[in-house]
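Student: I am new to this structure. Could you take me through it with questions and answers?

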Amino acid sequence: MEQKLEPSNAKWKIIVGHHPLYSSGKRYGKTADIRGVLEPIFEKNNVDAYFAGHEHDLQYNQPKGTTVQHFVSGAGSELRKVAQRPFTRFAEATAGVASVSVSSNALLVQFISGANEVLYQYSIHKD
């Protein structure tokens with residue numbers, strides 16, 4: 001992963017994986033191992049966003065002192081409870097998806113419910 005990220009001069013660095021590095025749901029407190037391996041690589045290489053599934057809910061997590069935005073979209077199946085954690089900006093146990101739009105200077109993430117309502121949105125902007 002470092003061999004691909006380090007030399008990259010891409011304006012946007014977005015990683016998609018299965019397991020979240022931070023979870024406000026069932027796996028809260030159980031992601032330290034994967035986070036310990038991947039987070040230093042992401043931070044060192046200026047990754048903008050990490051998208052994961054695995055949890056059965058919708059989440060946006062941003063821990064203090066980190067620059068990577070963490071999004072979880074796994075609410076297409078059985079739903080599980082979520083809670084507010086110190087790093088949670090949005091978490092909801094509602095059926096839905098994450099919609100992502102990227103342009104040259106903005107990345108927009110929208111969590112959309114099964115009833116087609118925008119539940120939450122967040123934008124990252126670059127010059």
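Predicted model: local features only at pLDDT ≥ 70, side-chain atom pairs only at ≥ 80, totals over all residues.

Student: In what order do the 5 strands of the open sheet lie?
Tutor: Strands are DSSP runs (E, at least two residues), and helices are too (H or I, at least four), numbered from the N terminus. Two strands pair if DSSP finds at least two bridges between them. The pairing here is mixed, and the order is E1-E2-E4-E3-E5.

Student: Which strands stand at the edges of the sheet?
Tutor: An edge strand has a single partner strand, so one side of it is left without a neighbour in the sheet. That holds for E1 (14-16) and E5 (88-92).

Student: Which residue in E5 is the bridge partner of Gln59?
Tutor: Strands of a sheet pair through backbone hydrogen bonds, either parallel or antiparallel. Strand E3 (residues 58-61) and E5 pair in the antiparallel sense, over 4 bridges. In E5, the partner of Gln59 is Ala91.

Student: How much accessible area does the nonpolar patch on the surface have?
Tutor: A patch takes residues with over 30% relative accessible area and no salt bridge; like charges are joined within 9 Å, nonpolar side chains (Val, Leu, Ile, Met, Phe, Trp, Tyr) within 5 Å. Areas come from the Shrake-Rupley method with a 1.4 Å probe, and for residues only the protein chains shown count as cover. Ile14, Val16, Val100 and Val102 form the patch, and together they have about 330 Å².

Student: Which residues are linked in a network of salt bridges?
Tutor: A salt bridge puts a side-chain nitrogen of Lys or Arg within 4 Å of a carboxyl oxygen of Asp or Glu. Glu2 bridges to Lys44 at 3.2 Å between the closest N and O atoms. Glu6 also meets Lys44, at 3.9 Å. The network therefore links Glu2, Glu6 and Lys44.

Student: Is Asp48 buried or exposed?
Tutor: Asp48 forms a salt bridge with Lys126, at 2.9 Å between the closest N and O atoms. Asp48 lies in the loop between H2 and strand E2 (49-52) and Lys126 in the segment after strand E8 (118-125), so the pair ties together parts 78 residues apart in sequence. Buried means under 20% relative accessible area, exposed over 50%, partly exposed in between (1.4 Å probe, protein chains only). At 11%, Asp48 is buried.

Student: Why is the pair of Phe90 and Phe111 stacked?
Tutor: Rings of Phe, Tyr and Trp (its six-membered ring) pair if their centres lie within 6.5 Å; planes under 30 degrees apart count as stacked, over 60 as edge-to-face and the rest as tilted. A search of the whole structure finds 9 aromatic pairs. In this one the centres are 5.3 Å apart and the planes at 20 degrees, so the pair is stacked.

Student: What is the relative accessible area of Tyr120?
Tutor: Phe90 and Tyr120 form a stacked pair, 4.8 Å centre to centre with 15 degrees between the planes. Phe90 is buried, at 8%. Tyr120 is partly exposed, at 21%.

How values were computed:
Residues numbered from 1 in each chain as written. Heavy atoms only, no water.
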